[in-house]
Amino acid sequence: MTHKIYTTKILKTIIETNNVKTILFKHPDSINPGEFYMIWIPDVDEIPMSVSIINSDIKGITFRIVGEATEALYQKTINDKIGIRGPYGNGFSLDGNKILFVAGGTGIAMIFPAVAHTVKQGKEVSVIVGAKTKKELFFIQRLKQINANVYVTTDDGTEGFKGFATQKAEELIADQNFDSVFTCGPEMMMKSLYQICDSKDIIFEASLERYMKCGAGLCGQCVVGNGLRVCVEGPVFSKSKLKEIKDFGVFNRDASGKKTYFHQ
Amino acid sequence: MVDLSTKIGSLSLPNPTILASGIMDEDSGSMKRILDSGAGAVVTKSIGLKPRAGHPNPTFVELDHGILNAMGLPNPGINAYLEELKEMKSYKGIIIGSIFGSISEDFVYIARKMSSFVDAFELNLSCPHAKGYGLEIGQNPSFVAEITKTVTDSVSQPVFVKLSAQVNDISKIGIAAEKAGSAGIVAINTLKAMSINLDLETPVLGNILGGYSGEAIKPIGVRSVFELYRHVTIPIIGVGGITTGEDAIEYIMAGASGVQIGTALYHRGVNVFKQICNEIKNWMSDHDYDSITDLIGVAHQ
């Protein structure tokens, strides 16, 4: 196992919303849905990013501007070079035949390849895409094109169901017999979903996000619970693991390792 | 039956493998997992007075024969870290508290705060990539002696000093530490190094300079332990590129009473401690050794 830096040129960029962009590049190694790369933006930073598009040699990442690194990455254009390490981590099991994916915010970027994969396998796949408002939605057309059942929710009702993705999920879970629920999004949203699925006989897996440094299991920066590394054992954790992770929905850690509590 | 238990000063370890500082030791959960995975002891992240974010990413580069890192001593500061140590209180296992600082008062302050939770201390006088700390202090025998003495005088636990091989004569620093009351010497830390990406024509690490660890530095670590063993009588803990049981035995033959494992976790996972112990046991059985302590320093005879 070696994960040396692979430098690659940006082949194409796609503006998804006014602050979300997809960048496509060549990377020869295979990657599974839910796994991530460490993306090196030279002279700026190196950040973990889940793969959002898998098309043989061509891979993509999709991100929202949330800080200096994503701002610098957003400014990159065709032929600019970036460095890539990975892939790292483990994606969803994708077990079950009737699957509900729940994506909050930019979580759909990480969820999309898993949806595409399970639809291709002939599974019955539904996806809830939740956003604050219509302008922040992206990937909806792509999801419809691959024939997933798409449910859109917005907090302000400007598109689809007015309310939270979790409300829609609770409704669908009560109505339909899903084998599994896979989620990626804000941690408090995933915690609520976990609570909904906890008592039910249903597979539940959530993709956690933590500050990362090495991305390779050594530095301990992204550890949750009893020594579980989000970069190695995660980022996706099953219901039984989430039960043991006392940090889940409670706190994460800043670059110094200090706890930062989520707003309840 | 092969006996892997070893003594490092007053510490009795069930086996000679110890988690090196800076690897999976920023929180209590990680350290519990490492102890459960078979490590004889764990060393904490190097802790300073205040929260410190460390250097910007990239902080980690994989190279052909080792790993380059420039974490930059990230840590939540002693006050927040005490919460992690408190959670280890009821846990069975030996904890060595690693400390960095710029003057002896910093070391003493942190050591006193840690003292109800740790079994020993390790003074980081060797980190090669943090301005004003580590190696910048640790290459001067009189600084090493002063810090060692003030900490040793302030706490009851054994105090080890972690030294760098990047000095003219590591024995001189080791002798200074021994005279100042150090209970043992940990050698070596990562070696100052850098890497340039040819495609991007730029240094890779955010901090440009970092520390090199892994298999490439093992012969330098073995040499350092060998030289120290000739000049000091206090126990030595060997560290640098130990990936297999045979690597550990090489350090022990050079004079180490224990060994620290870091980079090998990347290659072999958290079970590396058990794996290395099994490999040591097998080697000892094959070579008719009953106790690991019989192997300490045999290369000098």
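Modeller: I start with A:N79, which lies in the loop between α1 (68-74) and β7 of chain A. Helices (H or I, at least four residues) and strands (E, at least two) are DSSP runs, numbered from the N terminus. The model is predicted: local features need pLDDT of at least 70, side-chain atom pairs count only at pLDDT 80 or more, and totals for chains, interfaces and linings use all residues. Residues are numbered from 1 along each chain as its sequence is written, while chains are lettered from A and ligands numbered from 1 in the order in which they are written.

Colleague: Which peptide bond is cis, with omega near 5°?

Modeller: The bond from A:G86 to A:P87, with A:P87 in strand β7 (residues 81-88) of chain A. Another cis bond joins A:G234 and A:P235, where omega is about 5°; A:P235 sits in the loop between β15 (228-229) and β16 of chain A.

Colleague: How do you know that β13(A) and β16(A) pair?

Modeller: Two strands pair if DSSP finds at least two bridges between them. β13 (residues 203-207) of chain A has three bridges to β16(A), and the two run antiparallel. A:E205 has A:S238 as its bridge partner in β16(A). Both strands belong to an open sheet of seven, in the order β11-β10-β9-β8-β12-β13-β16 (chain A), with mixed pairing.

Colleague: What makes β11(A) and β16(A) edge strands?

Modeller: β11 (161-162) and β16 (236-238) of chain A each have a single partner strand, so one side of each is left without a neighbour in the sheet.

Colleague: Which helix runs at about 165° to β8(A)?

Modeller: α2 (residues 107-120) of chain A, which lies across β8 (98-104), β9 (124-131), β12 (180-184) and β13 of chain A. Axes are lines fitted to C-alpha atoms, for helices over the stretch in contact, and angles run from 0 to 180 degrees between N-to-C directions.

Colleague: How do you know that domain 1 touches domain 2 in chain A?

Modeller: Two residues are in contact if their C-beta atoms, placed from the backbone, lie within 7 Å. By that test, 14 residues of domain 1 of chain A are in contact with 11 residues of domain 2 of chain A. β6(A) gives the most to the domain 1 side, with three residues. The bounds, from an automatic or database domain assignment, are 6-88 for domain 1, 92-206 for domain 2 and 208-264 for domain 3.

Colleague: Why is β6(A) called largely enclosed?

Modeller: Five of its seven residues are buried, so the rest of the structure largely encloses β6(A). β2 (residues 20-26) of chain A pairs with β6(A) over seven antiparallel bridges. β5(A) and β6(A) form a hairpin with two residues between them, and A:S56 in the turn has a positive phi of about 45°.

Colleague: How many residues of chain B are in contact with chain A?

Modeller: 32 residues of chain B, against 30 residues of chain A. The largest share of the chain B side, five residues, comes from α1(B).

Terms used: Buried ≥ 20, exposed ≤ 12 C-beta atoms within 10 Å, placed from the backbone.
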